[in-house]
Amino acid sequence: MKQHSAFLSSLATLLCMATLIALCIFAVPLTRWYVDFRAMRNFLTVVIVIIFYVCAVPAMLALVCLLSLLRRIHKGKSFDAHNARLLALIAWCCLAVAAACTVGGFFYVPFFLITAAMLFLFLIVRVVRNCFVTAAQLQEENNLTI
């Protein structure tokens, strides 16, 4: 069951990566359409696109880390220091997106909602990372016990 779940999670992560790449390709026309549809000021197109591209970098890095984490779990390497470092990197990526969206929020208020969500996600991932660190220490201690 664990192997099946890790495989499905990896597949979902790859789908998210593909979606992010497609959004990066079509960000400008989609944003222009959205700004025109909502009858907003045209300078918001530039703001939204810049914030999106700034956020896309840590988002892709987080997805790559998540895929690496899932592959390691699939191989049976669940609780080790490397996985804790991957989770820490994912958390910092969430914080980077929150920072970018905070800046964007001064131009387009809905970015503040993304900031709040990313700060909450940062907190959750940090707690999970701390659990992984503790579990890795316990596992290392058990491996040294005769």
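I call a crossing left-handed if the near helix is turned anticlockwise from the far one by less than a right angle, and right-handed if clockwise. By that rule helix 2 passes helix 3 in a left-handed crossing.

Before going on, I note that this is a predicted model, in which local features need pLDDT of at least 70 and side-chain atom pairs count only at pLDDT 80 or more, while totals for chains, interfaces and linings use all residues. Residues are numbered from 1 along each chain as its sequence is written, and side-chain values use heavy atoms, with hydrogens and water left out.

**Helix packing.** I looked up helix 2 (residues 43-74) and helix 3 (residues 81-105), and found that they pack at an angle of about 165°, their axes 9 Å apart. The two are therefore roughly antiparallel (angles over 145 degrees count as such). Contact (heavy atoms within 4.5 Å) involves residues including Ile51, Val54 and Leu69 of helix 2 and Leu86, Ile90 and Val97 of helix 3.

**Aromatic pairs.** I searched the whole structure and found 6 aromatic pairs, taking rings of Phe, Tyr and Trp (its six-membered ring) with centres within 6.5 Å, where planes under 30 degrees apart count as stacked, over 60 as edge-to-face and the rest as tilted. Trp33 and Phe37 are stacked, since their ring centres are 5.2 Å apart and their planes at 15°; both lie in helix 1 (residues 2-37), about one turn apart.

I also checked Trp92 and Phe122, a tilted pair at 5.4 Å centre to centre and 55° between the planes. Trp92 lies in helix 3 and Phe122 in helix 4 (residues 111-144), so the pair ties together parts 30 residues apart in sequence.

Methods:
Axes fitted to C-alpha atoms, helices over the stretch in contact; angles between N-to-C directions. Helix = DSSP H or I, 4+ residues; strand = E, 2+ residues; numbered from the N terminus. Parallel < 35°, antiparallel > 145°, perpendicular 65-115°, else oblique.
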